[in-house]
Amino acid sequence: MLRISRYRFRFHAQDPIQLPPFPGSAIRGIFGHGLKRSVCVTRLKSCGECLLRNHCVYSYLFETHLTLAKGDNAPQPLVLDVHQLQRRYEPGVEFSAEATLVGHANRHLPYLIQAWQRAGQRGLGGENARFELSRVDALDFQASQWQKLYPVDRNVRELPEPFDFRSSHDQTIPEQARIDLLTPYRGKRKGRLVTPASFDIQGFTVSLIRRIANLQRLHDPDYPPCDVPKLIHATADLSLTDANLKWREWTRHSSRQHTQMQMGGVVGGFSVSGEGLRQLWPGLQLGQWIQAGKNTLFGLGRYQIQPQGIENE
């Protein structure tokens, strides 16, 4: 279905750090700035004006629509997960953020490490609160364990191979599952944002299937594609129950557009059941790591899924 890698970046605060209520914009901003400072040779403000954008790591990860395709159907191969961050960290306290790299993007991990180092030197927020990258761990999906990747004692360790989610299928299928939206899910349907009132499991799952297919097509093209029509057809056999959803609004400042932008979405939980889970379970599991909906580079669309009944196949 798709090959992904998951990394945890551990930091130590050097100054008092105060984060906004939803830190996704701040973390994305400082990390993106660090990456661009690390790789950009032209120092142009806009990647769209750069003749090197098709060969640039920053453009590939952050401005994907400029390098691979035009429009919104060019999902970025980098996903940030910041939902566990707290509002404040005192000097010396450890904190962490996680990231998923899809397919060929895994080869760019060394640039991400360099970007976090630069970001820490520059500092977060108006106070330029500094932090230091202390460790990078890679997730062993099969063992469900984190393994130290950086720093290494002597020899430089080879980058881990992306995990093949097709090989992760076990022989059990849940009769029902609970999905908790941990950060705002910002989905669209017929050009309008999905609200708690308009949220439905078919729309959520179809959007996720198309996201997986687009990620595979653009960033893991050597991997066998999934059968999109078959999976979309299976969504008709899903049922949503016990929904407890609400709208959570948050605002971020866009330095590019010099304005405040509303970035709200749906949070809460619901249960999903039905025969469609037989075919859609692997994709729903994968979605926990690539996140769902729009603005995943800000940390939106993070969810967890838990089986609530197992049926032996």
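Predicted model: local features only at pLDDT ≥ 70, side-chain atom pairs only at ≥ 80, totals over all residues.

Residues are numbered from 1 along each chain as its sequence is written, and side-chain values use heavy atoms, with hydrogens and water left out.

**Cysteines**

- A disulfide is a covalent bond between the sulfur atoms of two cysteines. Here it is called when a pair of cysteine sulfur atoms lies within 2.5 Å, and the count comes to 0 disulfides.
- C47 is in no disulfide, and its nearest cysteine sulfur, in C56, sits 6.1 Å away. For C56, that 6.1 Å to the sulfur of C47 is too far for a bond.
- Buried or exposed? C47 is buried at 11% relative accessibility, and C56 is buried at 18%. For these labels, buried is under 20% relative accessible area, exposed is over 50%, and partly exposed is in between (1.4 Å probe, protein chains only).

**Helix packing**

- Two packed helices are described by the angle between their axes and the distance between the axes. Axes are lines fitted to C-alpha atoms, for helices over the stretch in contact, and angles run from 0 to 180 degrees between N-to-C directions. Helices (H or I, at least four residues) and strands (E, at least two) are DSSP runs, numbered from the N terminus.
- Helix α1 (residues 24–39) and helix α4 (residues 109–122) have axes that come within 7 Å and cross at roughly 115°. That makes α1 and α4 roughly perpendicular (the label covers 65 to 115 degrees; under 35 is roughly parallel, over 145 roughly antiparallel, the rest oblique).
- On the α1 side, the contact (heavy atoms within 4.5 Å) includes I27, I30, F31 and L35, and on the α4 side it includes Y111, L112, A115 and W116. The residues of the α1 and α4 contact split into 10 nonpolar, 4 polar and 3 charged.
- In α5, residues including F204, L208 and I212 meet α7 residues, among them L280, L284 and I290. The α5 and α7 contact divides into 9 nonpolar, 3 polar and 1 charged.

- Y150 and P151 are joined by a cis peptide bond, with omega about -5°. P151 is in the loop between β7 (145–150) and β8 (163–164).
- S144 isn't a glycine, yet its phi is positive, near 55°. You'll find S144 in the loop between β6 (131–140) and β7, exposed at 60%.
- N295 is another non-glycine with positive phi, near 60°. N295 is in the loop between α7 and β17 (303–307) and is partly exposed at 25%.

- G268 is in strand β16 (residues 265–273) and is partly exposed at 22%. Leaving out residues up to four places away in sequence, G268 touches I179, D180, L181, N244 and L245.
- A236 is in the loop between α6 (228–234) and β13 (239–248) and is exposed at 58%. Its C-alpha is 9.9 Å from that of V206, 30 residues apart along the chain.

Conventions:
Nonpolar A, V, L, I, M, F, W, Y, C, P; charged D, E, K, R; others polar.
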